[in-house]
Amino acid sequence: MALSKEVMGGGFSAGQAAALGGGYAAVTAAGSAQSDAASLTASNCVVASADGTKGAILTCNVGDSQIVFNNSGSTLKVYGQTGTAIAVPGTGLGSANASYAHTTYAVCIYTRITSTQYMVNKSA
C-alpha cells in the first residue's frame with residue numbers, strides 16, 4: 001500500500017489519501033461465537049481482552065484486507081462473515097463459519113479472496 005504522501009503526489013487530496021491508507025480501530029474481543037463476536041470496523045485493528053473464548057469478526061469485502069494485532073495474552077477467535085471460511089496455514093482451506101485461532105501478540109493480515117474464502121498471512 002502506498003503511503004498517503006505518495007498518493008497525494010498523484011493528485012489526491014490529503015483526506016482522500018488518508019482514507020485510501022485505511023483507518024484504525026481499537027476493539028475489545030467479545031462473545032463466544034460468530035454471531036456475537038466484536039466487529040472489526042477498520043482496516044487496521046488492535047484487539048484487546050481475548051481470553052481464548054472471545055472473538056472478533058472480519059468485515060472486509062472481496063479483494064480487501066484487514067490487519068489485526070491480538071494485544072492479549074490469550075488466543076483470539078477470528079471469524080469471517082457468515083458462510084465464509086478462513087484458510088489455515090499448514091492445514092488447508094478452513095470450514096465455513098469456523099473460527100481461526102489468532103495467537104497471542106501476533107499480527108495477521110486477513111484477505112478476502114472470494115465471497116466465501118479468506119486467506120491469512122500470520123507473523124512469527
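Is Ser49 buried, exposed or partly exposed? With a relative accessibility of 39%, Ser49 falls in the partly exposed class. The legends below describe close-up views of a predicted model.

**View 1. Ser49 in the loop between strands S3 and S4.**

**View 2. Tyr105 in the loop between strands S8 and S9.** Tyr105 is not a glycine, yet its phi is positive, at about 50°.

**View 3. The largest nonpolar core.** This core has 21 residues, and those touching the most other members are Val27, Leu40, Val47, Leu58, Leu76, Ile86 and Tyr110. In soluble globular proteins, nonpolar side chains tend to be buried together.

**View 4. Surroundings of Leu58.** Setting aside residues up to four places away in sequence, Leu58 touches Leu40, Gln66, Val78, Tyr79, Gly80, Gln81, Ile86, Tyr110 and Tyr118. Among these, Leu40, Ile86 and Tyr110 are also listed with Leu58 as the core residues that touch the most other members.

**View 5. Thr84 in the loop between strands S6 and S7.** Thr84 lies in the loop that runs from S6 to strand S7 (85–86). Because its relative accessible area is 1%, Thr84 counts as buried. A polar atom of the Thr84 side chain lies 2.5 Å from the backbone oxygen of Gln81. Beyond its neighbours within four places in sequence, Thr84 is in contact with Ser95, Ala96, Asn97, Arg112, Ser115, Thr116 and Tyr118.

**View 6. Gln117 in strand S10.** Gln117 belongs to strand S10 and is buried, with a relative accessible area of 10%. The Gln117 side chain has a polar atom 3.3 Å from the backbone oxygen of Ala85. Apart from neighbours within four places in sequence, the contacts of Gln117 are Ala85, Ile86, Ala87, Leu93, Gly94, Thr111 and Arg112.

**View 7. A nonpolar patch on the surface.** The patch consists of Ile67, Val107 and Ile109, which together have about 180 Å² of accessible area. Ile67 is part of strand S5 (residues 65–70). Its relative accessibility of 35% makes Ile67 partly exposed.

Conventions:
Residues are numbered from 1 along each chain as its sequence is written. This is a predicted model: local features need pLDDT of at least 70, side-chain atom pairs count only at pLDDT 80 or more; totals for chains, interfaces and linings use all residues. Side-chain values use heavy atoms; hydrogens and water are left out. A nonpolar core is a set of buried Ala, Val, Leu, Ile, Met, Phe, Trp, Tyr and Cys residues joined through side-chain atoms within 4.5 Å. Buried means under 20% relative accessible area, exposed over 50%, partly exposed in between (1.4 Å probe, protein chains only). Contact means heavy atoms within 4.5 Å. Helices (H or I, at least four residues) and strands (E, at least two) are DSSP runs, numbered from the N terminus. A polar contact is a pair of N or O atoms within 3.5 Å; within protein, one must be able to donate a hydrogen and the other to accept it, and residues adjacent in sequence count only if both atoms are side-chain atoms. Patches are made of residues with over 30% relative accessible area and no salt bridge: like charges are joined within 9 Å, nonpolar side chains (Val, Leu, Ile, Met, Phe, Trp, Tyr) within 5 Å. Accessible areas come from the Shrake-Rupley method with a 1.4 Å probe; for residues, only the protein chains shown count as cover. A salt bridge is a side-chain nitrogen of Lys or Arg within 4 Å of a carboxyl oxygen of Asp or Glu.
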